[in-house]
Amino acid sequence: MATKMSFSPRIACVMVGLPARGKTYISQKVCRYLTWLGINTKVFNVGNCRRELCGAQQDHSFFDPNNVSGQKQRKEAANMTLQQMLKWYDEEDGVVGIYDATNSTLERRKWLQDTLTQQDIQVFFIESICEDEALVAANIKDVKLSSPDYKLMDPEKAVSDFQARIAQYTSQYQTIVEQDYSYIKLINVGSQVIVNMVKGYLESRIVYYLMNLHIRGRKIYMSRHGESMFNLKGLLGGDADLSPRGRLYAEMLPGIVKEKLGGKELVVWTSTLKRTIQTSEHLPYLKQHRKALDELDAGVCDGLTYEQVEEKYPEDFARRDDDKFNYRYRGGESYRDVVHRLEPIIMDLERQEDILIVGHQAIIRCLYGYFMNYNQEDLPYIKIPLHTLIELTPKAYYCEEKFYKADIPAVDTHRPKPTERRPPINTQAVLGSGGEVPSPLLPPPSSTLSAPSSS
Ligand code: ATP
Ligand code: F6P
């Protein structure tokens, strides 16, 4: 059989740890981050395969290392998941597969390491160790009671069964000691981190990302600047002042934020452009003006209206409609460029507590798209209206969102995805563009993540 040539390194992130140590949480976050960066990533959860093969309602004795048939069925579920992952690398050009299970014995890890390495896939183990019993108990309440394993079960019984399941795993748990393996150990939610034999750029990005994560409760607020003089005229880009209505929004914003936040402290980031700085002017918090948050650079189209762009650069205009994420303005940027420019902002954002970002239409789309897990095709069309405060509350596997609209009218700068497919343009750049009729509603979040649940 001919071997398929693969030029970019394929990586398997293999999770390790006792139940309720945040493995699925970490898997989902890494998947969302890499997907946002445009890297084909997918989570493979052994728990899902176990439920498929053996049914959901197994009590803790199923996980007893001395339960021969339980062990056999668990091995089958592990193998089925691995086969699904291998198929995905080959058939869907997978780059980073995340194998989410406890993988808590030397034997299981050797099997994974050997099988994956034979397929020319680099293996990177991610172990989460947590000795904080109170946190583990909180995790069980937070996510395990709603797992299909405990559907319809009395919550107290479910907690004690899950604790008994943890005890079964603890009796055979072997922390990673394999010095020839590539791994990271996150101890007590990253308060200590041990890194061993990290290979390559992508692995080091993952390490850096994992070192920035925390799980303290917080709110992420986002707002576009108040309406600007350019917005009033429908002009792209520029560095205009706020319009009178934009100034009103700037005056109102501190009250809206305070009502949501109470007396808590907040950090405010703006871009270096006048309209975001003016919008943040009355906010009584620490402010940072960051160049990386400046609006998408429209290059030669800066200062034009969409109509003028269509008239002066009709081919460009059509190309942007065909593939808005990848289209790069002449002398300017694409959404893809902006995502890459925002990567350090995401790293920093992950470290922050409560924060407000006052940004621009394309910038807020990219940041919001990261937290809400949008795919690249839909991201440039997310509706982010002016004079609206967005509140995101990170939960275990998703973000809760609320939109607060201030009672100050503003122009609508959203240009929807054209509903009719244009005639094809004779350039390479439009190859592969989609032609579906978009929904007039907000596009749904992408579905690259598998349904999170316990292993
Ligand atoms: P299982 O083996 O049963 O699938 P799991 O290890 O995958 O369990 P998760 O389902 O990911 O556990 O647990 C989610 C909870 O873990 C969330 O409440 C999250 O806040 C918390 N959490 C996230 N990261 C960590 C960490 N590094 N250590 C401990 N808890 C964490
Ligand atoms: O119209 C306001 C604005 O912030 C412009 O400066 C920018 O070019 C545009 O939005 C980005 O939105 P889109 O990518 O939908 O054109």
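The report below covers the annotated site, then individual residues.

## Basis

This is a predicted model, in which local features need pLDDT of at least 70, side-chain atom pairs count only at pLDDT 80 or more, and totals for chains, interfaces and linings use all residues. Residues are numbered from 1 along each chain as its sequence is written, and side-chain values use heavy atoms, with hydrogens and water left out.

## Annotated binding site

An unreviewed UniProt entry annotates a "binding site" at Arg224, His225, Gly226, Glu227, Ser228, Met229, Phe230, Asn231 and Arg275. These residues span 52 residues in sequence, yet no two of their C-alpha atoms are more than 14.2 Å apart, so they gather at one spot. UniProt positions follow the numbering used here, feature names are shortened, and annotations may be inferred rather than shown by experiment.

## Ser228 and Met229

Ser228 sits in the loop between strand 7 (220-224) and helix 8 (229-233). Helices (H or I, at least four residues) and strands (E, at least two) are DSSP runs, numbered from the N terminus. Ser228 is buried, at 1% relative accessibility. Buried means under 20% relative accessible area, exposed over 50%, partly exposed in between (1.4 Å probe, protein chains only). Beyond four places in sequence, Ser228 touches Ala240, Asp241, Leu242, Ser243 and Arg275. Contact means heavy atoms within 4.5 Å.

Met229 lies in helix 8. Met229 is partly exposed, at 34%.

## Ser334

Ser334 belongs to the loop between helix 12 (314-322) and helix 13 (335-351). Ser334 is buried, at 3%.

Technical notes:
Chains lettered and ligands numbered in written order.
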